[in-house]
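Trainee: I would like to go through the labels used for this structure and ask what each one rests on.

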Amino acid sequence: MFLRLMNITDIESVAKIHQSVFPRQQHSFEWIKCNYNASPRILNFVAIIDDEIVGYITWIQKSGFRPQVVLELEQLAVKPSWQGQGAGRNIITGSLVIIKRFLAKNGSTLKHILVTTRSDNFAQNLYRETLGAEIEAEISNLYSDDEVLMIARNVNNLNFG
């Protein structure tokens with residue numbers, strides 16, 4: 001798997017993955033394009049295997065550009081045919097290696113990572129195992145169901161690669 005920052009020519013492929021993985025969400029192309037256009041606040045990465053985009057991840061720097069960054073894992077998606085094979089874990093860890101270098105060039109470090117997800121999403125285990133994130137709060141009926149807010153605290157010294 002090769003991981004890199006998303007470029008403008010990737011938007012259509014990423015939007016198709018978004019549409020297949022998040023069927024309740026609408027206007028996938030516009031959503032992905034606006035996230036792409038919000039760089040460097042929003043950092044989008046694509047995962048490529050055999051010249052095919054098989055997944056993506058969207059990270060958001062929260063509350064301004066700070067010396068100690070709180071980063072949100074806003075969205076992670078893997079093509080259904082690649083799910084359950086470790087792609088999500090590799091996308092998270094590989095993108096964090098790149099992000100930590102990016103932040104260091106700007107004089108910043110990574111402080112905390114937050115994730116919100118449906119309370120019934122099995123990906124909670126992935127976030128717990130990969131990031132050390134723990135549930136801090138549950139929010140009832142936020143989007144399509146109850147959501148949990150997970151936070152991985154003091155992650156700057158964790159080795160993601």
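Trainee: What makes Glu 134 and Arg 128 a salt bridge?

Mentor: Their closest N and O atoms are 3.6 Å apart. A salt bridge is a side-chain nitrogen of Lys or Arg within 4 Å of a carboxyl oxygen of Asp or Glu, so the pair qualifies. Bear in mind that this is a predicted model, where local features need pLDDT of at least 70, side-chain atom pairs count only at pLDDT 80 or more, and totals for chains, interfaces and linings use all residues. Residues are numbered from 1 along each chain as its sequence is written, and side-chain values use heavy atoms, with hydrogens and water left out.

Trainee: Why is Glu 134 called partly exposed?

Mentor: Its relative accessible area is 42%. Buried means under 20%, exposed over 50%, and partly exposed in between (1.4 Å probe, protein chains only). Arg 128, at 27%, is therefore partly exposed as well.

Trainee: How many salt bridges does the rule give?

Mentor: The count is nine. Among them is Glu 52 with Lys 79, at 2.4 Å between the closest N and O atoms. Glu 52 lies in strand 3 and Lys 79 in the loop between strand 4 and helix 3, so the pair ties together parts 27 residues apart in sequence. Strands are DSSP runs of E, at least two residues, and helices runs of H or I, at least four, numbered from the N terminus.

Trainee: Which residues are linked in a network of salt bridges?

Mentor: Arg 118, Asp 120 and Asp 145.
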